[in-house]
Amino acid sequence: MEEIISSNFIHDIIDADLAENPNLKIHTRFPPEPNGYLHIGSAKAIMINVETARKYGGLFNLRYDDTNPAKEDTEYVDSIYEDLCWLGATPTGGVFYGSDYFDKCYEFAIKLIKDGKAYVCDLSADELRATRGTLTQKGTNSPYRDRTVEENLDLFERMKNGEFPDGSKTLRAKIDMASPNMNMRDPAIYRIVRAHHHRQGDKWCIYPLYDYAHPIQDALEGITHSLCSLEFENHRPLYEWVINNIGFENPPKQREFARLNITNTVMSKRYLRSLVENGTVDGWDDPRLPTICALRRRGYTPSSIFRFVREAGVSKADSLVDIGMLEHCIRDELNEAAPRRIAIKRPLLVEITNYEGEETFDLPNHPQKPELGTRPLPFTREIYIDADDFAEVPPPKFFRLKPEGEVRLMGAYIIKYQGIVKNEDGSIAKILCTADLETRNGNPVDGRKIKGTIHWLSAKYAADTTLKLYDNLLTLENPSDLPEDKTYNDYLNPDSLVVIEGAKIEPSLAKATAGDKFQFVRDGYYCADSKHEGTFNRVVGLKDSFPKK
């Protein structure tokens with residue numbers, strides 16, 4: 001990540017806080033729930049919290065929000081930490097778990113009960129929902145709201161001891177059922193759930209809800225600024241109510257920013273999990289998904305992801321960002337850094353009838369960076385060209401190989417069409433050509449102009465590969481515009497993955513290791529796949545339609 005961190009409205013808030021308290025040590029956190037893999041929307045929250053801590057010389061915590069045992073798994077715990085480290089966001093303040101604070105949450109709940117600010121309620125989930133009211137109608141008090149402190153303490157302890165069925169009782173904060181903010185209408189802060197916890201085992205059968213546990217966790221860790229997405233803005237009064245009524249000194253401050261919304265992209269963990277579980281995609285790291293591990297497998301880099309997040313902006317206004325901006329960021333980076341190599345999607349055999357023996361041609365690793373040197377490419381009598389570079393009946397202005405035509409082989413000879421050999425079914429077996437052997441990477445001596453240049457590989461030395469070409473998983477541009485009678489599955493793109501078997505690559509590419517990235521000339525940027533040896537994933541094509549600044 002870049003050392004120069006541009007300012008935003010969050011930093012303006014912190015600047016004002018530091019003006020009042022110059023000794024304030026800025027401390028942020030990222031609190032993911034380990035019920036799925038991180039996605040690019042998570043990257044925005046990570047970047048904001050990491051760079052805020054870095055800018056002010058503070059600390060950054062990773063804290064797993066593992067207060068819902070039914071949906072959590074150590075697989076997700078491990079993946080989250082791996083993704084953070086890969087992004088360069090190693091927690092400088094430490095790694096914590098919300099479950100580590102269960103004893104404290106329980107202790108503070110007892111305090112709220114004793115202070116007359118929490119009560120045990122026997123309403124079912126449906127009954128509780130019915131009494132909350134609406135945005136225009138006040139809620140109604142629970143018939144259990146006026147239980148005595150002694151009764152509430154007894155019932156809450158019995159809840160903890162497992163005497164009541166799941167869902168039969170909750171502990172609710174006693175705030176205001178007439179509040180215009182629905183979140184303040186006596187929200188539940190504890191529920192009964194019998195589920196094995198990935199860290200606490202079966203110690204607990206009651207679990208604190210997020211809106212109650214999160215501010216406690218922030219306060220206990222010394223977080224100064226709890227930075228979260230905009231959907232929590234209406235939850236801020238409850239966050240502050242918990243902090244104030246428990247009585248923390250130096251309370252944390254919650255502030256919100258707009259989420260990252262991207263065209264043709266859904267970041268709902270529930271939906272992504274359904275795609276994984278029903279086999280629509282090849283796991284959480286399928287390169288069509290917006291998860292961090294999928295972007296990594298496809299060939300994106302941490303710097304390209306963070307650059308995209310920065311350029312998308314940090315604000316309080318929701319917006320829809322063109323996925324082309326993300327592609328532009330990685331394309332820009334790989335254009336500078338990726339070595340050039342040759343791959344042929346649809347190999348067409350060409351025999352050069354006047355050539356014998358073998359030789360090598362030195363092709364540049366990067367035409368704009370001679371300091372990166374060259375690599376040798378073997379040349380033989382039989383070569384492969386791409387089938388798209390030959391037309392038996394060429395369209396107008398076709399400057400590649402065609403009957404009676406000439407074309408330059410990239411970095412090698414000029415060849416001229418002589419004839420064609422076909423199979424019994426009428427398909428092309430091979431093209432016959434002759435080479436102008438005086439044009440070894442040079443111009444014809446007679447001064448004739450050759451307009452076309454195509455890439456090639458020696459048929460003897462080319463290696464086999466599989467190429468995977470990716471497109472948007474969804475055809476729906478704005479996921480928020482989903483019609484009521486449709487699901488996202490109705491907009492799955494049937495062409496989101498095109499697999500090309502039998503492609504050919506330079507011999508050296510057969511030794512590429514997972515994650516190695518290249519520009520396949522005249523095609524796009526590719527990354528060696530981490531799950532399937534001998535496979536390359538296309539990161540992005542060469543063409544950039546996103547407007548440059």
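Predicted model: local features only at pLDDT ≥ 70, side-chain atom pairs only at ≥ 80, totals over all residues.
In soluble globular proteins, nonpolar side chains tend to be buried together. Here the largest nonpolar core comprises 49 residues. Those with the most contacts inside this core are Phe30, Ile40, Ile46, Leu84, Tyr300, Phe308 and Val539. Helix H2, spanning residues 40-55, is the biggest contributor, supplying eight residues.

Phe308 links up with several parts of the sequence. Beyond the residues up to four places away, Phe308 touches Ile40, Leu260, Ile262, Val321, Asp322, Met325, Leu326 and Cys329. Of these partners, Ile40 is also listed among the core residues with the most contacts.

The second largest pocket has a volume of about 270 Å³. Its lining is made up of 14 residues. Leu24, Thr224, Asn250, Pro251 and Pro252 are the closest to the pocket centre.

Thr224 sits in the loop that runs between helix H7 (210-221) and strand E8 (225-229). Its relative accessibility is 12%, so Thr224 counts as buried, the cut-off being under 20%. A polar atom of the Thr224 side chain lies 2.9 Å from the backbone nitrogen of His27. Neighbours within four places in sequence aside, Thr224 is in contact with Leu24, Lys25, Ile26, His27, Pro252 and Lys253. Two of these contacts, Leu24 and Pro252, are also among the residues closest to the centre of the second largest pocket.

Conventions. Residues numbered from 1 in each chain as written. Heavy atoms only, no water. Helix = DSSP H or I, 4+ residues; strand = E, 2+ residues; numbered from the N terminus. Buried < 20%, exposed > 50% of the residue type's maximum accessible area, 1.4 Å probe, protein only. Polar contact = N/O pair within 3.5 Å; in protein donor to acceptor, adjacent residues only side chain to side chain. Contact = heavy atoms within 4.5 Å. Core = buried A, V, L, I, M, F, W, Y, C linked by side-chain atoms within 4.5 Å. 1 Å grid on protein atoms, 1.4 Å probe; cavity = no way out; pocket = protein on both sides within 12 Å on 5 of 7 lines; lining within 4 Å. Points joined across faces, edges and corners; volume = space filled by probe spheres on them.
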